Amino acid sequence: MNEELKHAQARAEDLVKDAQVLAKLANLNLMDRAGVDYFQHNFKDFVPERFWEPWRFSTKEELQKAWQEFPNISSEELRAKLRPGPPPVQKFQEWLQDAWRTGFSLNACLRLLSACSVFSELSLKLGGDVQFEDFVGQSEWPAQRAILFLAVDVWRARFCQRCGKMFVADKTGRKFCSSECFATSRKNVKRLWASDAREKQRSKKQSRRKR
Ligand SMILES: [Zn+2]
């Protein structure tokens with residue numbers, strides 16, 4: 001195999017891996033603290049860090065009141081005084097699940113992609129001089145790469161036929177998210193055959209007795 005081809009293949013494998021992490025995020029139970037910690041620790045910088053922090057919000061009046069009370073407050077201190085809301089990852093995940101169901105439409109992709117850019121720049125630039133280039137966002141997140149990849153290879157974004165989880169298919173024939181699901185589904189088929197066979201035997205015996 002020539003170098004160029006090898007390189008292209010390695011890149012495709014990396015993209016599949018990124019997309020598989022995206023599926024993990026789509027399936028993640030955000031109420032499970034340990035699971036969330038595990039994801040954050042193992043896939044650090046997959047999405048902007050601010051995704052995981054509570055979203056701080058306020059009404060215009062609340063903001064004005066805070067400025068009046070604390071005229072010299074820094075924007076970071078002000079942020080801490082605002083009411084905490086759910087972390088942005090919650091909305092991001094909802095949109096991601098939506099994208100999975102609707103085949104990564106342009107609209108679904110756009111909001112996912114821009115959420116990553118907006119939050120990465122917000123975390124760096126809040127309170128400082130914001131240049132147009134900064135705001136538009138120049139950082140590249142693995143999550144964004146994976147979203148674009150799935151938008152092109154839509155066939156890869158699937159639901160497991162056994163457990164219903166979202167997963168990324170590495171080849172077209174893939175129907176299950178894991179070897180466990182594949183195995184249990186095969187066992188189920190065998191079990192079904194077995195019970196079917198038993199059923200047939202029983203009805204044969206019964207019909208014989210009737211005779
Ligand atoms: Zn499964």
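Tutor: Helix α5 has 15 residues, which at 1.5 Å a residue should span 21 Å, and the C-alpha atoms at its ends are 21 Å apart, in agreement with that value. The expected span used here is 1.5 Å times one less than the number of residues in the helix. Helices (H or I, at least four residues) and strands (E, at least two) are DSSP runs, numbered from the N terminus. This is a predicted model, in which local features need a pLDDT of at least 70 and side-chain atom pairs count only at pLDDT 80 or more, while totals for chains, interfaces and linings use all residues. Residues are numbered from 1 along each chain as its sequence is written.

The buried residues of α5 are P88, V89, F92, L96, A99 and W100. Seen down the axis of α5, these buried residues fall within an arc of 110°, so they line one face of the helix. The arc is that of the directions from the helix axis to the C-beta atoms. An α-helix has 3.6 residues a turn, so residues three or four places apart point the same way. On the other side of α5, E94 and T102 are exposed. A residue is buried if 20 or more other C-beta atoms lie within 10 Å of its own, exposed if 12 or fewer, and partly exposed in between, with C-beta atoms placed from the backbone.

After the helix comes G103, whose phi is positive, near 70°. F104, in the loop between α5 and α6, also has a positive phi, near 50°, and is a residue other than glycine. F104 counts as buried because it has 23 C-beta neighbours inside 10 Å.

Which residues does A115 touch, beyond its neighbours within four places in sequence? A115 is in contact with P88 and F92, both of them among the buried residues of α5. Two residues are in contact if their C-beta atoms, placed from the backbone, lie within 7 Å. A115 lies in helix α6, and it counts as buried because 22 C-beta neighbours lie inside 10 Å. A115 and F92 are 23 residues apart in sequence, and their C-alpha atoms are 7.5 Å apart in space.

C116 is also in α6. C116 has 23 C-beta neighbours inside 10 Å and therefore counts as buried. Leaving out residues up to four places away in sequence, C116 touches V47, P48, W141, A143 and Q144. The C-alpha atoms of C116 and A143 are separated by 8.0 Å, although the two residues are 27 apart along the chain.

A143 leads on to the largest nonpolar core, which has 33 residues; A19, L22 and A143 touch the most other members. At least two residues of this core come from each of α1 (3–27), α5 (88–102), α6 (106–125), α8 (142–152) and β4 (166–168). The greatest contribution is that of α1, with 6 residues. A nonpolar core is a set of buried Ala, Val, Leu, Ile, Met, Phe, Trp, Tyr and Cys residues joined through C-beta atoms within 7 Å. L22 touches A143, A146 and I147, not counting residues up to four places away in sequence.

Another helix to look at is α2, where F39 is found. F39 is buried, because 20 other C-beta atoms lie within 10 Å. With residues up to four places away in sequence left out, F39 touches K24, L25 and L28. F39 and V21 are 18 residues apart in sequence and 9.1 Å apart in space, C-alpha to C-alpha. D45 sits in the loop between α2 (33–42) and β1 (56–57). The phi of D45 is near 65°, a positive value in a residue other than glycine. D45 has 12 C-beta neighbours inside 10 Å, so it counts as exposed.

The protein as a whole has 9 helices and 4 strands. From the N terminus on, its elements run α-α-β-α-α-β-α-α-α-α-β-β-α. Of its 211 residues, 19% count as buried. Among contacts between residues at least 6 apart in sequence, 62% join residues at least 24 apart.

The average pLDDT of the protein is 85, and 88% of the residues score at least 70. pLDDT is the predictor's confidence in each residue, from 0 to 100. Where pLDDT is low, the predicted coordinates should not be read in detail.
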